[in-house]
Amino acid sequence: MPENRCMQGIWSNPWLFILAASGSAVGLGNIWKFPYMVGENGGGAFLFVYFLCLFLVGLPVLIAEVALGRSVRSNPIDTINDLHERRIVTKGWVLVPYLAGLAGFLILSFYSVIAGWALAFFERSLAGVFSSVTKDETQAIFSALIGSPKEMLLWHSVFVLIVILVVGQSVTRGLAMLVKMLLPALILMLLGLAVYASIVGDFDKTLTFLFSWNWSHITTDVVLAAVGHAFFSLSIGMGGMFAYAAYMSKHMSIVRACTIVVGVDTLVAILAGLVVLPLVFSLNIDLDTGPSLTFVSLPVAFGRLPGGQGVGSVFFLLLILAALTSAITMLELFVAWLHERFYVSRLKAAFILGLGVWLLGLMSLLSLNEWKEIHFFGFTIFDFLDKFTSLILLPIVALLLSILVALRIPRSMLQNELITREPTHFKWWYNVLKFCSIPIMVVITVAGWIGV
Ligand code: PHE
């Protein structure tokens with residue numbers, strides 16, 4: 001096996017893995033993306049399929065990624081190379097970790113544009129721009145931001161620079177400490193806002209919308225959207241969880257740790273839905289609004305709240321930090337690899353990759369205004385990258401990783417991970433992964449190819 005270069009870094013506190021993994025999972029996907037995905041895809045139908053996906057695909061794949069990561073305690077690229085040298089897998093498999101790194105790279109390019117929106121809204125909130133705003137005014141504020149490539153470029157650049165500087169240091173432990181404060185603060189804030197939204201917004205309509213569904217609402221598009229979002233939200237299929245698992249204490253139950261990560265991620269998403277949707281209903285905002293939904297509805301609530309300027313500012317700050325703890329994972333795989341393999345300093349590696357992310361992000365950013373008419377397979381560059389990564393790249397990598405763990409690598413490699421330590425869990429996990437997750441991912445990947 002690859003040398004255990006991480007051994008000295010094994011985290012003494014078993015919660016550190018859970019914190020770092022939750023930090024990667026909880027991000028813009030939960031607060032910005034989840035509410036509008038639910039809105040666009042019929043509410044309860046989406047939520048029902050999403051929950052199924054979490055249990056039948058998301059959790060088993062996350063466990064597979066973490067079990068492999070902890071058993072080899074190395075980075076994904078060296079791991080697969082080593083498996084190839086030992087003739088366990090063929091040469092083609094060596095591509096898989098690069099695809100995972102590519103997924104992180106592509107996602108970060110548009111993710112940083114959205115994080116830039118959060119930065120812009122943080123600045124506006126601090127300046128008191130949202131006091132007593134109406135829905136039409138927040139819509140105008142949002143449209144003005146989208147229509148200004150210069151301003152978006154500024155915030156996109158600021159966010160990419162912060163990511164570069166943070167990834168450039170080796171800060172996994174510090175990151176976990178940040179998440180330790182960030183997550184409770186974010187959950188408390190969302191809880192408070194959900195109570196407020198339930199009073200001023202249309203809570204009954206939200207509950208009906210979220211928790212009732214009709215079988216006819218479950219269309220192929222809804223299923224694809226739900227599976228894609230499960231991969232995106234849990235940060236699986238891009239090697240980040242694999243990397244964190246290398247630092248996981250031997251004594252921690254993998255199944256328990258992964259279940260907690262999935263639980264926290266889902267809790268934050270549902271809370272975000274319970275904040276945004278009651279406002280959306282009471283303000284008569286179109287559910288199909290798409291990516292602007294959270295940014296248009298929330299400031300109206302902040303504008304009406306006593307002390308809303310402060311509450312709004314803290315909220316956007318937490319959102320930015322949550323985005324940052326997710327974004328860091330996206331670059332980590334390639335940065336660690338360049339550093340370990342080519343002895344490039346972490347900061348230099350982060351700068352090289354960050355520059356690429358920044359340039360690609362520029363295209364996403366322009367596709368929201370000046371390049372609106374340029375289409376790839378019928379999508380703007382922004383939408384194409386979003387769909388391509390969630391519906392194709394992440395599922396393909398996750399599928400290949402699952403096949404590797406379930407069918408290719410010798411069981412003895414996982415012996416200490418799940419088989420001996422958690423025998424009952426192992427049986428369940430193994431069967432669900434093999435007979436449920438893998439077939440579902442095959443279908444989704446094929447459908448994704450046909451659809452996109
Ligand atoms: N899970 C993160 C979120 O919900 C996004 C992400 C995707 C992070 C893929 C890493 C890898 O915001």
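Helices α4 (76-85), α5 and α16 (381-408) each supply at least two residues to the lining of the second largest cavity. Helices here are DSSP runs of H or I with at least four residues, numbered from the N terminus. A cavity is a set of points, on a 1 Å grid over the protein atoms alone, where a 1.4 Å probe fits but cannot get out, and lining residues have an atom within 4 Å of a point.

Before going on, note that this is a predicted model, in which local features need pLDDT of at least 70 and side-chain atom pairs count only at pLDDT 80 or more, while totals for chains, interfaces and linings use all residues. Residues are numbered from 1 along each chain as its sequence is written, and side-chain values use heavy atoms, with hydrogens and water left out.

Let us stay with this cavity for a moment. With three residues, α5 gives the most to its lining. Among the lining residues you can find L68, P76, I80, V96 and F242. Nine of the lining residues are nonpolar, one is polar and none is charged; Ala, Val, Leu, Ile, Met, Phe, Trp, Tyr, Cys and Pro count as nonpolar, Asp, Glu, Lys and Arg as charged, and the others, Gly among them, as polar. The volume is about 70 Å³, meaning the space filled by probe spheres set on the points, which are joined across faces, edges and corners.

Now turn to the largest cavity, which holds about 130 Å³ of space. Its lining has 14 residues, and S24, I107, F232, S235 and M330 lie nearest its centre. Here α1 (15-25), α5 (95-126), α10 (220-234) and α14 (308-342) each supply at least two lining residues. This lining divides into eight nonpolar, six polar and no charged residues.

Key. 1 Å grid on protein atoms, 1.4 Å probe; cavity = no way out; pocket = protein on both sides within 12 Å on 5 of 7 lines; lining within 4 Å.
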